[in-house]
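Open the model in your viewer and keep the selection panel at hand. The stops below go from one interface to the next.

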Number of protein chains: 4
Amino acid sequence: MHSEQMSPDMKTCVDACLSAYSMCEETINHCLQQGGEYLDPALMRTLMDCADMTRMCADMCMRMSPMSKDICVMCAQACDMAAEACMRMKNDPQMEQCGQACRACAESCRSMSGIRA
Amino acid sequence: MHSEQMSPDMKTCVDACLSAYSMCEETINHCLQQGGEYLDPALMRTLMDCADMTRMCADMCMRMSPMSKDICVMCAQACDMAAEACMRMKNDPQMEQCGQACRACAESCRSMSGIRA
Amino acid sequence: MHSEQMSPDMKTCVDACLSAYSMCEETINHCLQQGGEYLDPALMRTLMDCADMTRMCADMCMRMSPMSKDICVMCAQACDMAAEACMRMKNDPQMEQCGQACRACAESCRSMSGIRA
Amino acid sequence: MHSEQMSPDMKTCVDACLSAYSMCEETINHCLQQGGEYLDPALMRTLMDCADMTRMCADMCMRMSPMSKDICVMCAQACDMAAEACMRMKNDPQMEQCGQACRACAESCRSMSGIRA
């Protein structure tokens with residue numbers, strides 16, 4: 001029986017989601033350790049939202065869900081919010097790396113959702 | 001310090017999501033045990049999507065995420081698709097119960113997203 | 001075809017897991033809002049661990065996984081740790097309720113794992 | 001404030017978990033598409049268990065949970081079961097690749113749990 005494969009673009013998107021997901025989980029831990037301004041509820045929520053959304057987006061793309069395109073759109077939003085929140089914390093390599101992973105994922109998700117439009 | 005509480009409507013929505021989530025997980029198991037037409041990839045994907053989406057929607061509402069309203073809209077779609085897929089399997093109480101839980105969750109999510117519009 | 005059902009005890013355990021899971025998610029949000037001593041990394045990690053573990057335990061029990069018994073043992077540990085951490089925060093109804101849900105889940109998981117030994 | 005870092009071994013373990021997790025999710029989709037003997041409930045459950053367990057193990061290691069070592073032990077078991085189940089399906093590159101990712105993750109988790117003993 002024929003098995004439909006993920007397209008290379010989809011695979012790139014899944015990888016970007018999994019990178020952002022693991023960066024966000026690491027960064028949540030980093031924030032807990034840093035304390036102070038890092039424990040701003042808005043920052044923490046944004047990181048938790050982004051971790052959940054990127055993981056679910058990866059799952060749905062991997063299973064070729066009919067909702068993949070829609071979830072990519074929303075995942076890009078969650079990533080943009082997390083990237084912005086990370087970039088606001090200056091001079092912290094962990095936050096910067098996390099911001100970059102989220103930014104890259106947002107772009108990949110947007111291009112994915114456009115391609116399949 | 002003041003702690004913002006979930007509204008009663010939000011709590012109802014979270015409960016509806018958690019009911020649909022656990023019904024979908026049970027129903028995935030039921031389909032694996034039934035075999036045959038129950039293992040249609042489209043049906044299985046729809047149940048997996050709905051389980052993931054309702055769980056994430058509950059999580060995001062419980063943490064009062066700024067994306068709650070958007071995820072409620074998408075969750076309602078996933079629930080509608082799952083409810084339809086379940087209702088197509090006739091004379092099976094598990095599928096019927098799951099369809100009803102998904103239908104109820106879709107309505108609750110839609111009303112939630114409207115209230116916060 | 002015959003469909004194996006969850007036993008009533010297993011259903012009770014799944015419900016206890018889902019209650020503890022949602023209480024932990026709510027309590028994580030409560031801690032973020034309260035700030036101060038509520039943002040102790042050890043407390044937050046314990047709540048996150050317990051939320052993850054109870055959800056996974058519920059999933060594995062619902063799908064009648066061969067590892068259900070083992071995960072129930074570990075879930076009981078995570079619940080005990082979360083209950084203790086919650087109980088340490090005095091005069092806070094949210095923490096108390098969460099502690100009770102975790103305690104009840106630990107007991108249910110332990111009795112589940114014993115029954116299936 | 002000092003931020004405790006994951007050890008290189010821990011990072012290797014997290015990466016192995018995330019690889020196994022994404023291979024299992026892809027393989028679940030592959031099985032749905034292949035149908036027939038691929039939809040054996042025991043195989044599907046094993047893949048679902050392994051996907052859940054590897055993801056949670058990665059999460060708990062990334063947040064330096066006190067339960068990391070215990071979950072690594074259990075994760076190695078779930079990976080062994082999934083690897084065996086995959087290897088039983090002959091002449092299928094997807095199953096073989098998934099089996100190898102699970103085998104590698106099992107070894108990494110075992111060495112992790114030993115190091116921290």
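Select chains B and A: together they bury about 1900 Å², 64% of it on carbon and sulfur atoms. Buried area here is the accessible area (1.4 Å probe) that two parts lose on being put together, summed over both. The size of an interface is often given in this way, as the accessible area lost when the parts come together.

Before going on, some ground rules. This is a predicted model, in which local features need pLDDT of at least 70 and side-chain atom pairs count only at pLDDT 80 or more, while totals for chains, interfaces and linings use all residues. Residues are numbered from 1 along each chain as its sequence is written, chains are lettered from A and ligands numbered from 1 in the order in which they are written, and side-chain values use heavy atoms, with hydrogens and water left out.

**Stop 1: chain B against chain A**

Show the contact residues, taking contact as heavy atoms within 4.5 Å. Chain B brings 20 residues and chain A brings 20 residues. Four salt bridges cross this interface, each a side-chain nitrogen of Lys or Arg within 4 Å of a carboxyl oxygen of Asp or Glu. To see a salt bridge, select Asp49(A) and Arg63(B), whose side chains meet at 2.5 Å, N to O.

Eight residue pairs are in polar contact across the interface of chain B and chain A (both at pLDDT 80 or more). A polar contact is a pair of N or O atoms within 3.5 Å; within protein, one must be able to donate a hydrogen and the other to accept it, and residues adjacent in sequence count only if both atoms are side-chain atoms.

Now colour by helix. On the side of chain B that touches chain A, helix 2 (41-62) and helix 3 (68-87) of chain B each give two or more residues. Helix 2 of chain B gives the most, with nine residues. Helices (H or I, at least four residues) are DSSP runs, numbered from the N terminus. By class, this side of chain B has eleven nonpolar, two polar and seven charged residues. Ala, Val, Leu, Ile, Met, Phe, Trp, Tyr, Cys and Pro count as nonpolar, Asp, Glu, Lys and Arg as charged, and the others, Gly among them, as polar.

**Stop 2: chain A against chain C**

Which residue of chain A comes closest to the rotation axis that relates chain A to chain C? Chain A can be laid on chain C with an RMSD of 0.0 Å by a turn of 180 degrees and a shift of 0.0 Å along the axis. That is the relation of a two-fold axis. Copies are superposed by least squares on the C-alpha atoms of residues with pLDDT of at least 70 in both. Select Leu39(A): its C-alpha, at 3.6 Å, comes closest to the axis.

Nine residues of chain A are in contact with nine of chain C. The two chains bury about 790 Å² between them, 68% of it on carbon and sulfur atoms. Select Leu32(A), Leu39(A) and Arg45(A), which supply 55% of the area that chain A buries against chain C. Zero salt bridges are counted between chain A and chain C.

**Last stop: confidence**

Colour by pLDDT, the predictor's confidence in each residue, from 0 to 100. Chain A has a mean pLDDT of 92. The predictor gives the complex an ipTM of 0.90 and a pTM of 0.93.
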